[in-house]
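Thanks for coming, everyone. Have the sequence and the model open, and follow along as I go.

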Amino acid sequence: MYKKRSFWLTVVAVSLFFLFIYVAQNSLDAYIIRILNVAAIYVILGVSLNLINGFTGQFSLGHAGFMAIGAYASALLYMSPQLKAMNFFIKPLIWPLSEIQMPFFPALLIGGLLAAGAGFLVGAPCLRVKGDYLAIVTYGFSEIIRVLFNNLQSVTNGPLGLKGLPTYTNLWWSWGWAIFTIFFIKRLIDSSYGRALKAIRDDESAAEAMGVNLLYHKTLAFVVGAFFAGIAGGLLGSLVMTIDPNAFNIFLTFQIVLIVLLGGLGSITGTVIMGAAMAFLMELLRAVEVPMNFFGITIPGIPGMRMLIFSIILMIAVLFFRRGIIGDREFSWEGFISFFKGRPSRGREGE
Amino acid sequence: MTWILFLQHLVNGAALGFVFALVAIGYTLVYGVVKLVNFAHGDIFMMATFFVFYGITLFSFPWWLAFAIAIFLTILLGMGVEKVAYRPLRNAPRISSLCSAIGMSFLLENFAVVVFGGRQKPFYQPEVLIKTITIANVRIQLVSIVTVIVSVGALLFLNYLVYKTKMGLAMRALAHDFDTAKLMGINVDKTISFTFAVGSGLAAISAIFWALRYPQIWPFMGVFPGWRAFTAAIIGGIGSIKGAMIGGFSIGLLTILMVAFMPNMAGYKDAFIFVALVLILLFKPTGLFGEA
């Protein structure tokens with residue numbers, strides 16, 4: 001009975017959410033819509049990284065690289081040939097790419113699949129390389145991608161990046177993908193694959209002794225995580241309308257890692273909340289950089305103050321809220337209902 | 001390419017190699033003792049150059065005094081970072097201390113942007129050090145030679161510190177077995193503080209030589225030397241001082257030689273370093289001299 005009720009509650013909640021998206025897309029102003037879009041992209045990134053870092057326990061710093069692959073691949077596919085010719089004025093784009101144009105959705109999917117391919121390449125060495133070493137290998141991978149994209153001028157336009165991309169990303173695309181990501185990864189986590197991934201996180205040798213195929217499952221986590229990172233990259237490229245190879249650097253990865261850590265490793269709910277909160281927090285903090293007027297005294301806006309306050313908040317969160325905002329607990333309808341009925345909750349779900 | 005030119009590149013490469021080696025040792029020492037990747041190390045490196053900058057411009061100290069004060073302040077900074085960001089998390093899961101390290105690195109960078117400004121600043125180059133001398137047709141900047149001499153001195157001193165003193169013994173004991181060392185009456189806080197002090201001191205020395213060579217300082221200047229040195233430490237096997245030395249030295253040398261001999265591939269040099277890293281880790285997952 002609980003299962004059935006939860007199912008319908010979820011359906012209702014998701015429909016209500018899409019109703020909200022419909023209203024938001026048509027009535028909110030462009031600035032808020034943009035923040036909501038960024039929030040959705042953060043959610044996709046956070047949840048996909050949580051699959052690798054939180055559920056499988058493989059500390060990966062390669063997300064920016066996967067995003068870069070998705071962003072470039074999809075942009076090169078959905079840009080019109082004229083736009084490409086305008087962008088590539090130093091070195092022309094190589095042949096097949098310069099002629100192709102396809103709609104947004106397949107372009108995005110191909111971008112995601114290419115990123116997943118890269119995820120396969122990164123995930124495979126995972127069997128031998130562990131812990132901090134893995135972190136540096138994945139970081140190295142994303143650095144290699146950045147350097148390659150900076151130098152392969154006839155494919156990526158080098159350091160000039162791609163400009164004037166058409167804006168396809170709207171709330172439907174971004175939140176549609178975000179919801180799909182959440183569902184997909186939630187289903188994956190609750191399946192036997194998910195249990196294998198958690199077993200690997202908790203004790204690799206024990207998992208292997210129980211017959212979990214380490215190589216297969218670790219690679220699976222990387223492939224799925226990278227796919228969604230690629231999708232998020234594609235959405236981001238079309239949202240901000242430019243792609244700069246150097247934007248996909250370690251700071252971007254750190255930001256996603258922070259979403260995961262503050263949201264709680266191994267908690268999709270926490271990551272979703274934190275991802276959305278991060279988008280709004282970063283915008284709210286912009287206020288500190290504009291000159292302020294207190295009782296006739298003007299405080300000049302100091303550039304960089306936003307990031308300083310952000311990092312101070314971050315350090316406080318890390319030092320005092322060690323397990324993320326909600327630990328590794330998950331939202332469940334049962335917990336939600338019993339919370340409102342005032343009954344004691346039935347403990348952590350699914351653990 | 002004549003052999004004179006080759007020698008010239010070799011000298012430059014060696015100087016840069018020693019700079020990387022000193023930074024890499026900072027990573028490796030800390031990792032060896034507390035099993036923590038100190039992501040803020042590159043930013044401690046950056047702060048050292050700003051200490052020198054303000055020592056000279058604000059307080060108009062002579063350069064040697066500014067250097068000495070900067071090294072001292074950097075050591076204090078390193079110990080402070082450990083006390084604020086790492087000590088409270090010593091018994092927390094490793095992932096929290098990693099996050100704290102990342103956060104500290106963010107904090108130092110953004111602090112530098114706000115307080116020192118994001119624009120690049122010129123670093124003072126003492127006349128004596130940037131003089132060029134010619135030995136057998138090889139033109140060498142004096143700073144390259146000084147870098148090599150000071151670095152070798154620092155390495156010898158480090159060797160003495162780690163292998164001949166009581167503090168070094170305590171460090172090695174903690175690295176070997178944290179809990180047992182604690183039971184043997186080793187003052188953990190003091191030893192770890194000391195380790196950070198040594199690492200930060202070496203970072204300050206290398207930062208000064210780095211800035212003398214590339215005299216532009218700005219808040220994010222530590223990121224790439226930091227990551228490259230960290231890569232060096234990993235290649236050498238993190239936790240091993242010898243490994244960090246060899247790893248750092250070869251990365252410095254290879255970057256210079258690659259740019260010198262294959263100028264059209266220069267853009268790819270970071271990619272090559274990381275490809276080498278991935279290959280080494282695939283065949284020796286704990287680095288060249290690391291223990292399993």
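Start at B:Ile208. Leaving out residues up to four places away in sequence, B:Ile208 touches B:Ala48, B:Thr49, B:Val52, B:Phe67 and B:Ala70. Keep in mind that this is a predicted model.

Now widen the view. B:Ile208 is among the residues with the most contacts inside the largest nonpolar core. That core has 190 residues.

Next, helix packing in chain B. Take helix H6, residues 142-164, and helix H9, residues 188-213. Their axes come within 11 Å and cross at roughly 175 degrees. An angle over 145 degrees counts as roughly antiparallel, so H6(B) and H9(B) are roughly antiparallel to each other. From H6(B), the contact uses B:Val143, B:Thr147, B:Val150, B:Ala154 and B:Leu161. From H9(B), it uses B:Val198, B:Leu202, B:Ile205, B:Phe209, B:Leu212 and B:Arg213. By class, that contact has 9 nonpolar residues, 1 polar and 1 charged.

Helix H7 of chain B covers residues 166-176. The axes of H7(B) and H9(B) come within 10 Å. How do they cross? At roughly 100 degrees. That falls in the range from 65 to 115 degrees, so H7(B) is roughly perpendicular to H9(B). H7(B) brings B:Met167, B:Ala170, B:Met171 and B:Leu174. H9(B) brings B:Val188, B:Thr191, B:Phe194 and B:Thr195.

Now across the chains. On the interface, 31 residues of chain A are in contact with 33 residues of chain B. Look at the chain A side. Helix H7 (131-151), helix H13 (250-263) and helix H15 (305-320) of chain A each supply at least two residues. H7(A) gives the largest share, 11 residues. By class, the chain A side has 22 nonpolar, 5 polar and 4 charged residues.

Most residues other than glycine have a negative phi. A:Met241 is not a glycine, yet its phi is positive, near 70 degrees. Find A:Met241 in the loop between helix H12 (214-240) and H13 of chain A. Is A:Met241 exposed or partly exposed? A:Met241 has 14 C-beta neighbours inside 10 Å, so it counts as partly exposed.

The second one is B:Ser60. Its phi is positive too, about 40 degrees, and it is not a glycine either. B:Ser60 sits in the loop between helix H2 (41-57) and helix H3 (63-86) of chain B. With 8 other C-beta atoms within 10 Å, B:Ser60 is exposed.

Last stop, B:Leu65, in helix H3 of chain B. Buried or exposed? B:Leu65 has 12 other C-beta atoms within 10 Å. The cut-off for exposed is 12 or fewer, so B:Leu65 is exposed. How far is B:Leu65 from B:Lys182? The two are 117 residues apart in sequence, and 39 Å apart in space, C-alpha to C-alpha.

That's my tour. Questions, please.

Conventions:
Residues are numbered from 1 along each chain as its sequence is written. Chains are lettered from A and ligands numbered from 1 in the order in which they are written. This is a predicted model: local features need pLDDT of at least 70, side-chain atom pairs count only at pLDDT 80 or more; totals for chains, interfaces and linings use all residues. Two residues are in contact if their C-beta atoms, placed from the backbone, lie within 7 Å. Helices (H or I, at least four residues) and strands (E, at least two) are DSSP runs, numbered from the N terminus. Ala, Val, Leu, Ile, Met, Phe, Trp, Tyr, Cys and Pro count as nonpolar, Asp, Glu, Lys and Arg as charged, and the others, Gly among them, as polar. A residue is buried if 20 or more other C-beta atoms lie within 10 Å of its own, exposed if 12 or fewer, and partly exposed in between; C-beta atoms are placed from the backbone. Axes are lines fitted to C-alpha atoms, for helices over the stretch in contact, and angles run from 0 to 180 degrees between N-to-C directions. Angles under 35 degrees count as roughly parallel, over 145 as roughly antiparallel, 65 to 115 as roughly perpendicular and the rest as oblique. A nonpolar core is a set of buried Ala, Val, Leu, Ile, Met, Phe, Trp, Tyr and Cys residues joined through C-beta atoms within 7 Å.
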